[in-house]
Amino acid sequence: MEKLVQPGWLEENLSAPDLRILDCSVVFERPGGVLNIESGRERWDQEHIPGSVHVDLMTELADQTAETLFMMPSTDQFVSVMESVGVGEGTRVVLYDFDINMWAARVWWMLHSMGFDEAGVLDGGLRRWKSEGRRVTSDPAPRHPRAVFTVRPRPGTFVGKEEVLAAIEDEDVAIVDALPAAHYNGTIRFYQRRGHIPTAVNVPAGSLVDHDTHAYAGIDELRSRAAPAIETESSRKIAYCGGGISAASTAFVLSLLGVEQVSIYDASMGEWTSDPSLPLEDPSSG
């Protein structure tokens, strides 16, 4: 299964019996400057790619006991959700969202952490699918047979603050900030603090896609835009953002570019900035 799936391929394979299509969308908007985060299920009800099932990253695929949003759920919880939508042994999965691929990349990364490799992200998601005149529907979700999902853990795909703190002093680890440059540079604060984790380089997830089509840039262009991360001498990369979502898109791109040792700091700046003992570098402070 290709990591990056093109719309034409998906359209040709919609009826493949082993194919599962997961809509991973979350509403993440700032109407009037006020952040609104809610499930994408209602929008899925209105229109979606034929044969798709919505999975909820706010509830089904998040640790409800965590203090920060969107944290990786327990293995049992994740496996139960995947099996219920027919994802497991003998199946292939295409993931998409109606944003800029970051929610789909997040679920791809979850599957990757569990050792499931038959998954790909739909390049451009619902935006590109519709812009190219492909069919959408409001039909109910298909009922796939319950699958058997075998976990083959990949340790280190998600890390905590201890690993990030250690990485600051480790030349063999590059910390990669996936937030917009304004956050990285301290122009815009994250909660009550400004700046980035010391030694981090900036590869904004938003810079990796075309904002008209939502498609990822070509491989050569991605390599150029991700250069701050891939041109370091470090063999391992740790990506972070606000809550492990944008970081998933940047981590996914690094994987596309052949970087083998990539981790996501799951709690990201939601946790880091809430702890005044954790260091930040603020370029805006002069």
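**Notebook: a predicted model, element by element**

Entry 1. I began with helix 10: ten of its eleven residues are buried, so this helix is largely enclosed by the rest of the structure. Buried means under 20% relative accessible area, exposed means over 50%, and partly exposed lies in between, with a 1.4 Å probe and protein chains only. Helices (H or I, at least four residues) and strands (E, at least two) are DSSP runs, numbered from the N terminus. I noted that this is a predicted model, in which local features need pLDDT of at least 70 and side-chain atom pairs count only at pLDDT 80 or more, while totals for chains, interfaces and linings use all residues. Residues are numbered from 1 along each chain as its sequence is written, and side-chain values use heavy atoms, with hydrogens and water left out. The buried residues of helix 10 include Ser246, Thr250, Phe252 and Leu254. Just after helix 10, I found Gly258 with a positive phi of about 95 degrees.

Entry 2. I turned to the sheets, where two strands pair if DSSP finds at least two bridges between them. Contact means heavy atoms within 4.5 Å.

Entry 3. I looked at strand 9 by itself. Five of its five residues are buried. In a regular strand the side chains alternate between the two faces of the sheet. In strand 9, Val173, Ile175 and Asp177 are buried on one side, and Ala174 and Val176 on the other. Five bridges connect strand 9 (residues 173-177) with strand 11 (residues 236-240), and the two run parallel. Across that pairing, Ile175 is opposite Ile238, and Val173 has Arg236 as its bridge partner. Strand 9 also runs parallel to strand 10, with two bridges between them; there Val176 stands opposite Val201.

Entry 4. I then read the other five-stranded open sheet, which has the order 1-7-6-2-5 and parallel pairing. Its edge strands, strand 1 (4-5) and strand 5 (52-54), each pair on one side only. Three bridges link strand 6 (residues 92-96) to strand 7 (residues 119-122) in the parallel sense, and Leu95 has Val121 in strand 7 as its bridge partner. Helix 4 lies across both of these strands and runs at about 170 degrees to strand 7.

Entry 5. Which residues touch the most other members of the largest nonpolar core? They are Leu22, Leu95, Leu111 and Tyr216, in a core of 76 residues. Helix 4 (residues 102-113) gives the most to this core, with nine residues. A nonpolar core is a set of buried Ala, Val, Leu, Ile, Met, Phe, Trp, Tyr and Cys residues joined through side-chain atoms within 4.5 Å. Not counting residues up to four places away in sequence, Leu22 touches residues including Val53, Met82, Val87 and Leu95. A second, separate core has 14 residues, among them Val5, Ile21, Trp44 and Ile49.

Entry 6. I looked up the largest pocket, whose volume is about 850 Å³. On a 1 Å grid over the protein atoms alone, a pocket is an open set of points where a 1.4 Å probe fits, with protein on both sides within 12 Å along at least five of seven lines; lining residues have an atom within 4 Å of a point. Grid points are joined across faces, edges and corners, and the volume is the space filled by probe spheres set on the points. The lining has 31 residues, and Phe28, Arg30, Leu179, Phe190 and Gly242 lie nearest the centre. Strand 3 (26-29) and helix 4 each supply at least two lining residues. Strand 3 runs antiparallel to strand 4 (residues 36-39), joined by four bridges, and Phe28 stands opposite Ile37. These two strands form a hairpin with six residues between them, and Gly32 in the turn has a positive phi of about 65 degrees.

Notes. Axes are lines fitted to C-alpha atoms, for helices over the stretch in contact, and angles run from 0 to 180 degrees between N-to-C directions.
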